[in-house]
Amino acid sequence: MSSSPPPSSAAASPSCPKKMIALRSSDGETFEIEEAAALQSKTLENMIDEDCAGTPIPLPNVTGKILAKVVEFCSKHAEPGVDDESLRAWDAEFVNVEQATVFDYILAANFLEIPTLLNLTCNVVADMIRGKTPDEIRKFFNIKSIFSPEEEEEVRRENHWAFE
Amino acid sequence: MMGENDEEVDATVLVSSKHRELIGSQVLSCKQLCDLPDEILLRVLDCLSTRAAVRTSVLSKRWRHLSKSIPSLDFDDENFFEKSQFLNFVEGALSFRDLSPLKVFSLSCYVAEGESRVNTWIDAAVRRKVQELCLCLVVEIDRPVEYTLPYGVFRCETLVKFHLEMFYNFRVPSEVCLPNLKVLTLDFVGFVNDISFEKLLSCPSLEELSLKSCRCGQIEVLNIGAPNLLKLSIFEPEFFAGLNRHCQLRIHGVRIKSLRYHGQYGGGDHTISCPSSLVEAVIVAFYPAEENPDWCADRVFKLLKGFSNVERLTLFYEGLWDMNEREDLLDSFPVFRSLTRLKFDISPVYLDCRALQVMLSQSPCLRSLVFARGLIEDSEMDGWTLDPVPECFLSSLKEVRICNFKAEDFELSAVRVLLGTAEVLEKFFIHCSRHYRENFQGSLMKHVMKLPRASDRCAISLEFGEKCSGCSRKI
């Protein structure tokens, strides 16, 4: 997951000469990400400030499979000169994956505090909910309802104004 | 806080204990929607309309619990066929929702039967520590001309953003305490009492203020006291005298970065406390015909002096034109040391206008020049050109954009002059008005490409159609 080396910048601070950040997943895979891309994660931003030694930042709660995709997302969103429309199309393709993967993206985005990815993935889930009847939603997401039929009826009555 | 436990046996892992706590060690993964934590499900609910979000209450006990604390409430009576449906929905949603803090409360509705109900709803939001309040209220014409919002709004400590759109006079109570208000936008609102209104404009954390089509006809001096104001935008459509024409604007904050004024060419004296902090200014004024040109020239000159540190400036051309006969002003024209982008709007610009040439000469770092309403060369001399050529044309001007181009002879001549004098130009962009065919037959592109160019790396683009991609949105 490496990108081409960034152009040297006169503004590079002497204590952090490297512009590439290394990340290590829970299963030991290492990924390289450009600093600009890494800064999209507030969590990484904090860690980068404090740890400039260039050794891989361990992320034991994210698997290699997901971290690879997160790095891909951040790198794409840090690319200069991409127009809004192309980026939107790219994002749509990025989240065109199975449910469980979207959930893993959400968790990673939440932990790493990547607002763009978190918004994108939460909206994907919202899209899956929107327009479905409650039964359809339950089926789609395998939601177990412990409501008894009477309880459910009561809830419906309580919120009848939402169903008119 | 250094030094605690961050010496590790494993020297390759230089992560302090603080980070170790942050990370934990459990792999974040889940297969089902319901395995996601509450905070995330609430985010998902926040992406749905209020109605859709509340409907999830029937899914399961957990969803019922979650839907009671959705972060945002959005009510728009246009989404309902009948008024009674709308009222039921709002009342139902407000009593359903628990008292946990509300991020956004948005209400757009027609207020017919007296204020009390709507005000109760707004109060409900304030009680839930709302951060962003957005109210679009259409008040019935027959009603009294003033509308009183609940006073709690003006004392809401948690309020960060407030948008009010209400074609009515608006009374601000004498007690205003909004310590966290950062963004305030007021549309169509009328203000009668300037003292209280000014309290609203002096909020200590206020960073962005926008007044659109607001009516403050009685106010002579408008003090905008917010000490941390970064952006100010005042917009009045043409022929709409919202602000008193002689109203003086006084901006007290010393951090202001962006000032946008679009409206009647005001007569009052304006003061900006710290004009050197400005990075961007937009002054687009409609010109009252009866004003004395000398007096206008003085006013515009004073404005320009105030803006001499900006990086981006949009100006109405007539302001410059008034200065043409004023040697005294042209001789002491300010230098725009930081100006990189200059745009002219409202009317076509005359390239042979002396004041324009002086301004260009005094803008040594100019990179981008935009003529949003067209450019004309009216010297009536064959082969007229800029003399002397402004310094920026030789060293920094990279981009020129002409919009609303009708391909008349005097416009083509202006293009000729620019192409022939701008030596480091990289992009020349022309947006043609749909009438250009009345003036020009044949290939416009071929004609322009044949004109001699002072820059050997200048790319020319022509755009046709209703909207200019470069500036139609940016008035």
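## Where chain B meets chain A

In this predicted model, 46 residues of chain B are in contact with 48 residues of chain A, where contact means that heavy atoms lie within 4.5 Å. The size of an interface is often given as the accessible area lost when the parts come together. Between chain B and chain A the buried area is about 4300 Å², and carbon and sulfur atoms give 66% of that area; buried area here is the accessible area (1.4 Å probe) that two parts lose on being put together, summed over both.

The count between the two chains is 2 salt bridges, a salt bridge being a side-chain nitrogen of Lys or Arg within 4 Å of a carboxyl oxygen of Asp or Glu. One of them joins the side chains of Glu151(A) and Lys61(B), at 3.6 Å from N to O. There are also 10 residue pairs in polar contact between chain B and chain A, with both residues at pLDDT 80 or more. A polar contact is a pair of N or O atoms within 3.5 Å; within protein, one must be able to donate a hydrogen and the other to accept it, and residues adjacent in sequence count only if both atoms are side-chain atoms.

On the side of chain B that touches chain A, at least two residues come from each of α1 (17–23), α2 (38–46), α3 (50–55), α4 (61–67) and α5 (83–96), and α5(B) gives the most, with 6 residues. Helices (H or I, at least four residues) and strands (E, at least two) are DSSP runs, numbered from the N terminus. The residues of this side divide into 23 nonpolar, 14 polar and 9 charged, where Ala, Val, Leu, Ile, Met, Phe, Trp, Tyr, Cys and Pro count as nonpolar, Asp, Glu, Lys and Arg as charged, and the others, Gly among them, as polar.

## A recorded domain in chain B

An unreviewed UniProt entry places the feature "domain: F-box" at residues 30–84 of chain B; such annotations may be inferred rather than shown by experiment. The end C-alpha atoms of residues 30–84 of chain B lie 43 Å apart, and the span is 44% helix and 9% strand.

## Chain A and its residue Ala22

Chain A has 9 helices and 3 strands, and from the N terminus on its elements run β-β-α-α-β-α-α-α-α-α-α-α. Buried residues make up 44% of the 164 residues in chain A, with buried meaning under 20% relative accessible area, exposed over 50%, and partly exposed in between (1.4 Å probe, protein chains only).

Ala22(A) is found in strand β1 (residues 20–24) of chain A and counts as buried because its relative accessibility is 11%. Although Ala22(A) and Thr55(A) are 33 residues apart in sequence, they are 6.7 Å apart in space, C-alpha to C-alpha.

## Buried parts of chain B

Helix α11 (residues 354–361) of chain B is largely enclosed by the rest of the structure, because 6 of its 8 residues are buried. Glu280(B), which lies in strand β14 (residues 280–286) of chain B, is also buried, with a relative accessible area of 15%. The side chain of Glu280(B) makes polar contacts with the side chains of Ser258(B), at 2.6 Å, and Arg260(B), at 3.4 Å.

## How to read the numbers

Residues are numbered from 1 along each chain as its sequence is written, and chains are lettered from A and ligands numbered from 1 in the order in which they are written. Local features need pLDDT of at least 70 and side-chain atom pairs count only at pLDDT 80 or more, while totals for chains, interfaces and linings use all residues, and side-chain values use heavy atoms, with hydrogens and water left out.
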